[in-house]
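Hi everyone, thanks for making time.

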Amino acid sequence: FFGSKHWLITPPRHTGVSGAATSEWPSLPQQASALPRALPFKCTQGPGDMLVLPAAWGHATLNLRPSIGCAYEFMTEAFCME
């Protein structure tokens, strides 16, 4: 709706929990992150932008200024585990 949000996105193969705050990611040494140089993918979302993340992709977000947005998570039967 308004504001600006920075996204850090990783494909399923490199998804995990880093234990670091999103604001610390840019300053982490490359060796410590265990990610290839091209990762994480980065983008900035502004008012009116929509981002669709495929199932199992990892992400972290950082609000660049006060922001209000809306998120919706859904799963199809093909991804449900029993």
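This is a predicted model: local features need pLDDT of at least 70, side-chain atom pairs count only at pLDDT 80 or more; totals for chains, interfaces and linings use all residues.

I'll start with the overall layout and then turn to a pair of aromatic rings.

Okay, the layout. The protein has one helix and three strands. If you start at the N terminus and read along, the order of the elements is β-α-β-β.

Now the contacts. Take the ones between residues at least 6 apart in sequence: 84% of those join residues at least 24 apart.

What about the surface? The protein has 82 residues, and 17% of them count as buried. Its accessible surface comes to about 6,700 Å², and carbon and sulfur atoms account for 59% of that.

On to the rings. How many aromatic pairs does the count come to? With ring centres required to lie within 6.5 Å, the count comes to one aromatic pair. The two partners are F41 and W57, with ring centres 6.3 Å apart and planes at 25 degrees, so this pair is stacked. The cut-off behind that word is planes under 30 degrees apart.

Where do the two partners sit? F41 is in strand β2, which covers residues 41–45, while W57 is in the loop between β2 and β3, with β3 being 58–68. They are 16 residues apart in sequence, so the pair ties together those parts of the protein.

How values were computed: Residues are numbered from 1 along each chain as its sequence is written. Side-chain values use heavy atoms; hydrogens and water are left out. Rings of Phe, Tyr and Trp (its six-membered ring) pair if their centres lie within 6.5 Å; planes under 30 degrees apart count as stacked, over 60 as edge-to-face and the rest as tilted. Helices (H or I, at least four residues) and strands (E, at least two) are DSSP runs, numbered from the N terminus. Buried means under 20% relative accessible area, exposed over 50%, partly exposed in between (1.4 Å probe, protein chains only). Contact means heavy atoms within 4.5 Å. Accessible areas come from the Shrake-Rupley method with a 1.4 Å probe; for residues, only the protein chains shown count as cover.
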